[in-house]
Amino acid sequence: LGVEYLGYMHKNGISHYGIVDLGAGFSEGTSYFDFGIGYQIGLKLKQVMEFQVFAKYVGDLDLQNYAVATDEQKKQCMGHYIDPGLRIVFNCGYPFQLFVQGDYAIPVASGDYYRTAKGHGESMASQYNIGAGIKINF
């Protein structure tokens with residue numbers, strides 16, 4: 001679930017957004033909850049397409065290890081990323097938009113339990129992500 005707040009739209013087609021993301025998932029036998037906050041700038045072309053560049057901080061929590069960890073170990077169940085990317089949005093008619101995006105998750109810090117649950121050794125690797133979907137605007 002993502003929320004984008006359109007903060008300002010200039011008459012030349014440049015838009016500024018605030019981003020808040022919440023997510024959950026299952027991977028490699030464990031479950032995760034993540035949240036992100038960031039900034040996005042967009043350039044509209046002919047009211048049909050918009051190119052958006054974004055950057056956000058993402059915190060990713062390993063729920064399975066967090067549930068059984070002691071208070072001292074709980075901070076080791078978290079991974080932190082900087083996530084820059086590009087999204088192309090196509091207007092299909094209000095309130096629907098189709099989008100394609102790519103981003104590059106750069107790990108900043110991660111705890112021992114988080115790295116173990118993700119199957120990594122001493123360090124976390126950066127990763128490319130590609131996605132597509134439908135946005136509903138209100």
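**View A. Lys74 over Tyr66.** Lys74 lies over the face of Tyr66, at 4.6 Å from the ring centre. A charge sits over a ring if NZ of Lys or CZ of Arg is within 6 Å of the ring centre and within 35 degrees of the ring normal. This is a predicted model: local features need pLDDT of at least 70, side-chain atom pairs count only at pLDDT 80 or more, and totals for chains, interfaces and linings use all residues. Residues are numbered from 1 along each chain as its sequence is written, and side-chain values use heavy atoms, with hydrogens and water left out.

View B. Arg87 places its charged end over the ring of Phe99, 5.8 Å from the centre. Arg87 belongs to strand 5, where it stands opposite Gln52. Strands, like helices, are DSSP runs numbered from the N terminus (strands: E, at least two residues; helices: H or I, at least four). Strand 5 (residues 78–93) and strand 4 pair in the antiparallel sense over 13 bridges. Two strands count as paired if DSSP finds at least two bridges between them.

**View C. The hairpin of strands 3 and 4.** Strand 3 (residues 30–45) runs antiparallel to strand 4 (residues 49–62), with 14 bridges between them. Three residues separate the two strands of this hairpin. In the turn, Lys46 has a positive phi of about 55°. Ile41 has Val53 of strand 4 as its bridge partner. Gly42 stands opposite Gln52 in strand 4.

**View E. Tyr104 and Tyr128.** Two aromatic pairs are found in a search of the whole structure. One of them, Tyr104 with Tyr128, is tilted, at 4.7 Å centre to centre and 45° between the planes. Rings of Phe, Tyr and Trp (its six-membered ring) pair if their centres lie within 6.5 Å; planes under 30 degrees apart are stacked, over 60 edge-to-face, the rest tilted. The pair links distant parts of the chain, 24 residues apart: Tyr104 is in strand 6 (residues 96–110), Tyr128 in strand 7 (residues 127–136). Tyr104 is partly exposed, at 31% relative accessible area. Tyr128 is exposed, at 67%. Buried means under 20% relative accessible area, exposed over 50%, and partly exposed in between (1.4 Å probe, protein chains only).
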